Amino acid sequence: MKDLQGLNQIGVWLDLRQALVVKRDKKSWRAERILSRGEIPRDRAEREPLNRYYAEVVSRLREADEILLFGPGPAKGELQKIIAETNPKMVMVGMETVDK
């Protein structure tokens, strides 16, 4: 059985407007809110603000041993794909669809 007490675990609730990053380490819990700085894109040409938002979220996950993504829409799947492409060593333990 895995000793969960020694892991840096991160849960990320996100949609296209904001992310709530909750971190658990050996001693504490911390939460941080990240806001998307642009409109929800209608096409690929308008994705740059969204790409910066995802990059900012990923930057908060660097020290994670385990990551759980959850949220109501497609953002979690997009973020999972970005993580798999850019940080393949990050361990995803799950992805869940939940309401706001």
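**Entry 1. Terms and basis**

I take buried to mean under 20% relative accessible area, exposed to mean over 50%, and partly exposed to mean in between, with a 1.4 Å probe and protein chains only. By that scale arginine 60, at 22% relative accessibility, counts as partly exposed.

I note that this is a predicted model, in which local features need pLDDT of at least 70 and side-chain atom pairs count only at pLDDT 80 or more, while totals for chains, interfaces and linings use all residues. Residues are numbered from 1 along each chain as its sequence is written, and side-chain values use heavy atoms, with hydrogens and water left out.

**Entry 2. Overall layout**

I looked up the secondary structure and found two helices and five strands. Helices (H or I, at least four residues) and strands (E, at least two) are DSSP runs, numbered from the N terminus. From the N terminus on, I read the order of elements as β-β-β-α-β-α-β.

The protein has 100 residues, and 35% of them are buried. I then looked up contacts, meaning heavy atoms within 4.5 Å. Among those between residues at least 6 apart in sequence, 56% join residues at least 24 apart.

The accessible surface comes to about 6600 Å², and carbon and sulfur atoms account for 52% of it. Such areas come from the Shrake-Rupley method with a 1.4 Å probe; for residues, only the protein chains shown count as cover.

**Entry 3. Helix α2**

I listed Ala75, Lys76, Leu79 and Ile83 as buried in α2. Seen down the helix axis, the buried residues of α2 fall within an arc of 95°, so they line one face of the helix; the arc is that of the directions from the helix axis to the C-beta atoms. These buried residues pack against β1 (9-14), α1 (48-59), β4 (66-71) and β5. On the face turned away from the buried side of α2, I found the exposed residues Lys81, Ala84 and Glu85.

**Entry 4. Salt bridges**

I counted five salt bridges in the structure, each being a side-chain nitrogen of Lys or Arg within 4 Å of a carboxyl oxygen of Asp or Glu.

One of them joins lysine 23 to glutamate 63, with the closest N and O atoms 3.0 Å apart. Lysine 23 lies in strand β2 (residues 18-24) and glutamate 63 in the loop between α1 and β4, so the pair ties together parts 40 residues apart in sequence. Lysine 23 is buried at 13% relative accessibility, whereas glutamate 63 is partly exposed at 36%.

Glutamate 48 and arginine 52 form another, at 3.9 Å between the closest N and O atoms. Both lie in helix α1, four residues apart, and are therefore separated by about one helical turn. Glutamate 48 is partly exposed at 45%, and arginine 52 is partly exposed at 48%.

Glutamate 56 pairs with arginine 60, the closest N and O atoms being 3.4 Å apart. I also recorded a network of salt bridges that links Glu32, Glu56 and Arg60. Glutamate 56 is partly exposed at 28%.

**Entry 5. A nonpolar patch**

I found that Leu68, Val91 and Val93 form a nonpolar patch on the surface, with about 220 Å² of accessible area together. Patches are made of residues with over 30% relative accessible area and no salt bridge, like charges being joined within 9 Å and nonpolar side chains (Val, Leu, Ile, Met, Phe, Trp, Tyr) within 5 Å. Valine 91 sits in the loop between α2 (75-86) and β5 (92-97) and is partly exposed, with a relative accessible area of 40%.
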